[in-house]
Amino acid sequence: MSNLLSIGKTGLMAAQTGIATTGHNITNATVPGYSRQGIVQSTTPPIQQGVGYIGTGTEVAQIKRYYDNFLNTQLLNAQANQGSVDAYLGQISQIDNMLSDSTIGLSPALQDFFKGVQTANSTPSLQAARESMLSSSQTLTGRFHEVSGRLTELQNGVNSSISSTVNTINAYSTQIADLNTKIAAATADPLNPPNDLLDQRDQLIRELNQQVKVTVLPGDNNMLNVSIGSGQPLVVGVSSMELASTTSPTDPNRTVVAYQTPGRQSVLPDDTFSGGALGGLIAFRNETLDRVQNQVGQIAAGLADAFNDQHRLGQDLNGELGGDFFAPIKAYVGYDTRNSPLSTAKVEGIVTDASKLTTADYNVTFDGTNYNFERADGVAVTPSSVAPNTPTEIDGVTYNFTGDGQDGDRFQVRPTYQAAADITVAITDYKKIALAAPVSTSVPSSNKGNGTISAGVVDPSYVDTPLTAPVTIAFHQTDPADKNTRTIDGFPAGTTVTIKQPNGTENTYVDGDTIPYTEGATISFNGVSFVLAGAPKDGDTFTIGPNTSGVGDSRNGVLLAGLQTKNILNGGSATFQGGYASTVNYVGNKTREMQVGSASATTAVNQARASQQSVSGVNLDEEAADLLRYQQAYQAAGKVMQIAGQLFDTLLQIGN
Amino acid sequence: MTRISTSMMYERGASQLSTLQSNLLKTQLQLSTMRRVLTPADDPVASARALEVTQSLELNTQYATNRQTAASSLTQVDTTLQTIGDLLTDVKDTVLKAGNPGLSIADRETLAVDLEARMADLLGQANTADGTGGYLFSGYKTNTLPFVQTSTGANYQGDQGQRELQVGSGRKMAISASGSQIFENNITGNGTFLTKPQVPDPADPTDLPNVGTGIISPGSVSDATKLTGHNYTVTFAKDATTGKMQYSVTDDSDGSEKIPLTDYKAGEPIAFDGITFDIKGEPADTDKFTVEPSKNQSIFETVQNVINALRTAGTGPTAGAKLTNAMNEANQNVQNASDNVLSVLASVGARGKELDYLDDSGSEMNIQYKSQISDLVELDEIEAATRFSQQLSSLQAAQQTFKSATSLSLFNYL
């Protein structure tokens, strides 16, 4: 009898627990990370009563948490990937949008700049035309600054995102460690863990994982150890490691992530972080942002250098040789803050050859004797070492190391990183634009023959020995019938004369040599080249001299304008527009890749989530059915107790 | 899987709706900007290509602008040259008039004054401004006055530079001609040699101008292969014995005698070394004539020479012969100057024609480039409109089914 009562009571208790658990499921259905719980009933041990074993009712053996570790890990991996791709996509879309905007894009500014040169060429002596060329070059540098500024904003954005992500990661690590403590304390029976605490910890890990990909390993006592990257620990048992965001040793404008240990910070290399928003941000910065900044810088530096080289071969309105049109571009040098304090080394790098510029970054180390160069992407560099105080050109930049370096000194050199921000027009006086060529030629009317002379071209060596007075070249032919007696002379004393035949053969002549005349050959001396052609007669002369008052001459301006279509960048394989187009292509491709990646990551996450939810998710209809079930069970158990009571009443009635 | 949690149903439906919405929004953006490629990510290859084609298009437009500048400069040169040609015709008429032996000194003075006016006109044309504050015919020295008048003609202060503009990719065109090319490169004589009475050597007091009335013809080339390019002197001497006038021809370069003393007959051809000419009239004893190779002479010098000749001619047969010889020489030189101007005009015309061809091909290229860019980045409206209505209807269907699917719940029946 009492047995019946207690049987009923156990049923009641079990049903109550069941309803409570179902109610818990229903109310927590929308809590993120909640895994549904269910009761597992088992029979209580039977009592041996002679005729056999009589059951004693039921008990709740376990409140089971529906949870699959494998599915959960699958979901974690998918979410880490999605976090990384989405962060990358969010950042790179900003560059993508910037490049599609025709007002901020570089392409119209480049074209307007060259248009300005062409306009000045039409009327080279006019102040208005020259001023307009100056103003369109200011617009171009302004546009470079804008683009560079926008990219710098993105860098700063990445920096602050990294800082805040690191803070978030630290907050999560602390909380996870905290929960580890609580769970360890509350786990008395391994079969009955504190389910809700476990759910909370899982949710925290899931959110941490979206910030940076984590690896989770079980520890003792139902604790979880969390590590990042290739095993760097974040949470070990009840304690958590702290990450810190700090400035890079070689670049004060760059935030990197470091381990915070008491007394020091050790910077973690960038490849520690893969996956999660942090991984996406760092990958974006290294792969795309730095590269786009370097590529845009390459265009700026290449343009400044090539334009300057040609400008120096021209003559301005004052009759002087042209100077620099753009200020020379200097490479960015980051001195590692960990260098010895005794080191007084100073590095200067100036862009000197546009065609050899690369978009790579270089790491330089001093071994006590030489400064050794290495490209950050591993491609070989020649020459790869530079002696102190010896200007050496490497990949288009001339480096000069001065001061005393200490063995082990490190530097980071980024030749084109700041070029777009630094490019400026060095000329403010319209008279200083060198549109004319510095030499002009003429044929006196007194010549008896019809020999002609070309207009005269100068090469870079002209700057060392410019013409100060006209040079008269005389033609001689001792025998009018014999072409082999044709000679020319009259070159300045001490100069070397080079004759290049139309078929390509070259001969050089020094003072005292007899120089034969060949029609159509290119004659050069002291950096000036010209071509004599036609049929001169003995005694005819030709004059080459400085282009005095030649203000209507635009020969150098035409060569400057021609730089627009000349293949200069990348070893002479791309124009400036071509270089820009390939940057746009790269960004477009990468964005597309991230867009597709994001879509597929979303699909992967959805699938993983669906699988995980099919085990752990609450289905309200199912819970409704369970409610009914436990309610009926409760009613039935109650009925059992009622019957037991009635039976007892019947027993009591027997006495009356 | 067989089990779906309630939150999955909502999440799935909501995310699907948001995907459909964002696709619809993108199509709408494409339709409103009429561009298929909104950002480079939409089609990276087409974006990069479009940038390059845009540069070609802009360059093409710039060349067209340059061609306009070149054309207007060439038109100005053309107009000026036509005027100069007309002026030279006037000068030639005056020279012909001046050859009339019946003119009085006063008449000749009138002609000289007329020629001075023509000279001033020529100078004015030579110093034409180019409309942008410089001069048209100074070569590179556009701020320097091309010609300055002197007592013997005019000095050229410019240079021989050819100002060029880039009128096509790979084509630079000269947009003017230098003053020296137009005015100073006029050949003298008949193109190969010039015949004239000998100009006395100012250092030798015994060297006197001709006193006879010999008129020398311009001459012509009879055999080009025998030409030497030397200077020759024809000397007249009266034979003391016979009293007849004789002449001999010596080569000035080596003193050799080309034609020994021969009797002079007026009008009879004198030929040697591929050259032939004749002398008419009555040359006097010790009169000399020279044959020199043609060289370049400035038109201003030519006109000034005519003015000087008109002013210093006296009366009498000797003066008459001297004036006639001078006018013969001037006539040839002015004709040559006219021819030179014509040839410069012809080259200007040819350049103008080339500009026309370049303009035609330039506008063809313009159309090509524009259509290339359109193919690359612009929208096919029909396809986009169809896509838009398709996406709209799927969005509507998704919204309706979402509502129905999520409103089913067992709790409704409890």
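Predicted model: local features only at pLDDT ≥ 70, side-chain atom pairs only at ≥ 80, totals over all residues.
Let me start with the cores. The largest nonpolar core has 105 residues, and within this core Phe144(A) and Phe325(A) touch the most other members. Helix H4 of chain A, which spans residues 127-186, gives the most to this core, contributing 15 residues. If we look at the surroundings of Phe325(A), and leave out residues up to four places away in sequence, we find that Phe325(A) touches a set of residues including Phe113(A), Met133(A), Leu134(A), Phe307(A) and His311(A), together with the run of Thr424(A), Val425(A), Ala426(A) and Ile427(A).

Apart from this core lies another one, of 49 residues, and among its members are Leu74(B), Val77(B), Met327(B) and Val341(B). I would like to stay with Val77(B) for a moment, which sits in helix H2 of chain B, residues 44-98. Is Val77(B) buried or exposed? With a relative accessible area of 1%, Val77(B) counts as buried, because the cut-off for that term is under 20%. Once its neighbours within four places in sequence are set aside, Val77(B) is in contact with Leu136(B), Phe137(B), Ile175(B), Ser176(B) and Val348(B). As for distance along the chain, Val77(B) and Ala177(B) are 100 residues apart, and yet their C-alpha atoms are separated by 7.9 Å.

Turning now to the surface, Phe648(A), Leu651(A), Leu652(A) and Ile654(A) form a nonpolar patch there, and together they have about 420 Å² of accessible area. One of these residues, Leu652(A), belongs to helix H11 of chain A, residues 620-655.

Chain A has an open sheet of five strands in the order S20-S30-S23-S24-S27, with antiparallel pairing. Strand S20 (439-442) and strand S27 (515-516) stand at the edges, and because each has a single partner strand, one side of each is left without a neighbour in the sheet.

S10(B) and S11(B) form a hairpin with five residues between them, and in the turn Gly255(B) has a positive phi of about 75°.

Terms used
Residues numbered from 1 in each chain as written. Chains lettered and ligands numbered in written order. Heavy atoms only, no water. Core = buried A, V, L, I, M, F, W, Y, C linked by side-chain atoms within 4.5 Å. Buried < 20%, exposed > 50% of the residue type's maximum accessible area, 1.4 Å probe, protein only. Helix = DSSP H or I, 4+ residues; strand = E, 2+ residues; numbered from the N terminus. Contact = heavy atoms within 4.5 Å. Patch = residues over 30% accessible without salt bridge, like charges linked within 9 Å, V, L, I, M, F, W, Y side chains within 5 Å. Areas by Shrake-Rupley, 256 points an atom, 1.4 Å probe, with all protein chains shown as cover. Salt bridge = Lys/Arg side-chain N within 4 Å of Asp/Glu carboxyl O. Pairing = 2+ DSSP bridges.
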